[in-house]
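My entries follow the structure below.

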Amino acid sequence: MTTRVFILGLSVLAMSACSSNDTSNDPGAGGGASAPMLTAASADTKALWGDISDYAKWGQFPESTELTLSETHNNMFVISYVNDVVTKAVADGTVPLPDGAIIVKENYAKKDDPMPMALTVMSKMGKDWYWAQGTPDGQVFMGPDGPLEGKNVSMCVNCHGAATDNDSVLTHTFAGGGTAPAPMLTDASADTTALWGDISGYAKWGHFPESTELTQSKTHNNMFVISYINDVVAKAASDGTVPLPDGAIIVKENYAKKDDATPMALTVMSKMGQDWYWAQGTPDGKVFVGPDGPLEGKDVGMCVMCHGAATDNDSVLTHTF
Ligand code: HEC
Ligand code: HEC
């Protein structure tokens, strides 16, 4: 469970900063997104759009059989379609997925829209995923580093890479991928011990308007999450201040089951000077160990990997300042 723990609470859909002209609360887009920029597809992407032309007749992951509103994000509705190769891998619990596996996710701005705003596609070519984000008629979205197509689209990999044992797939956990060891815990550093002191009264803190009750992450396992914010964050939320000032603290509780008496993990962001200090620990102050060591400090790659998507929002995903 070591790595799986960190994607349990994930239910955000972040589109490219320029994939939406909706400036409401896209965590990836901040306040200033312009209209989506599109470009002509490469030959590989054109061929892929040919391969997926009948995707509407494909099967689905058991976790994604109808349009689901992404609770932590905009008002995007998403559903994924999987080809026969993926369907077989789901049944057999095969992971990594074999060559030829294709997953198409439709992304609708509104539930009643006749057409999705974007298709995001993962296609297994040899041992690698080919990533693409395009319109249904085959134009490709531009990201910050160029067209969103190819084997090395960092924007896609940033988030999907978190599913290390599950071949980058977030919606469904393949049985063969569930072999991760039990969570490893270690003693907290002095800084984290001090932080756990600072948050000892968090249960009496306020909330973001978007996180006032335990919410089940629909797109992932059965984790229930809720965030608590201290006075510094509450003031920043009401004043619209971003980046957040020194002293801001956000505590997210992560429950395995809704009725559990205590959360399985607390994930905490604490502003120290100009930087976030990240920590993932148990309520009684042990720290989880990630692939690169204890999950505590200013430079925890695993946390930054996802939160970094909120470039204009000081890495905060739940609420847009
Ligand atoms: C900010 C994180 C994030 C980024 C960036 C991102 N995705 Fe995803 N993606 C998700 C999450 C979370 C899901 C699970 C379903 C949902 O909530 O939309 C998902 C689901 C998918 C799926 C369905 C299969 C699966 O893994 O569950 C495809 C296909 C997909 N994304 C393709 C892409 C492509 C292509 C890109 C880059 C253009 C991309 N994604 C960028 C987070 C992200
Ligand atoms: C795979 C992506 C991902 C990773 C990795 C991740 N987070 Fe998050 N985090 C999210 C998402 C999405 C939210 C929004 C609420 C939710 O769905 O759980 C969130 C919310 C939070 C919040 C509430 C404030 C906010 O930004 O919304 C805190 C605090 C937090 N995460 C801390 C951490 C820490 C500490 C780590 C590293 C140990 C970490 N997160 C790793 C995706 C991630």
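Entry one: the hairpin. I looked at the turn between strand 14 and strand 15 and found two residues between the strands. There, G273 takes a positive phi near 65 degrees. I took helices (H or I, at least four residues) and strands (E, at least two) as DSSP runs, numbered from the N terminus.

I noted that this is a predicted model, where local features need pLDDT of at least 70, side-chain atom pairs count only at pLDDT 80 or more, and totals for chains, interfaces and linings use all residues. Residues are numbered from 1 along each chain as its sequence is written, while chains are lettered from A and ligands numbered from 1 in the order in which they are written.

Entry two: the pairing. Strand 14 (residues 265-272) pairs with strand 15 in the antiparallel sense, over seven bridges. Two strands pair if DSSP finds at least two bridges between them. I found K271 opposite W276 of strand 15. Strand 15 also pairs with strand 18 (residues 296-297), antiparallel, over two bridges. There, W278 has G297 as its bridge partner.

Is strand 15 largely enclosed or open? Six of its seven residues (275-281) are buried, so strand 15 is largely enclosed by the rest of the structure. Buried means 20 or more other C-beta atoms within 10 Å of a residue's own, exposed means 12 or fewer, and partly exposed lies in between; C-beta atoms are placed from the backbone.

I checked residues 43-51 and found T45, L48 and W49 buried. The face turned away from the buried side carries exposed A43, A47 and G50.
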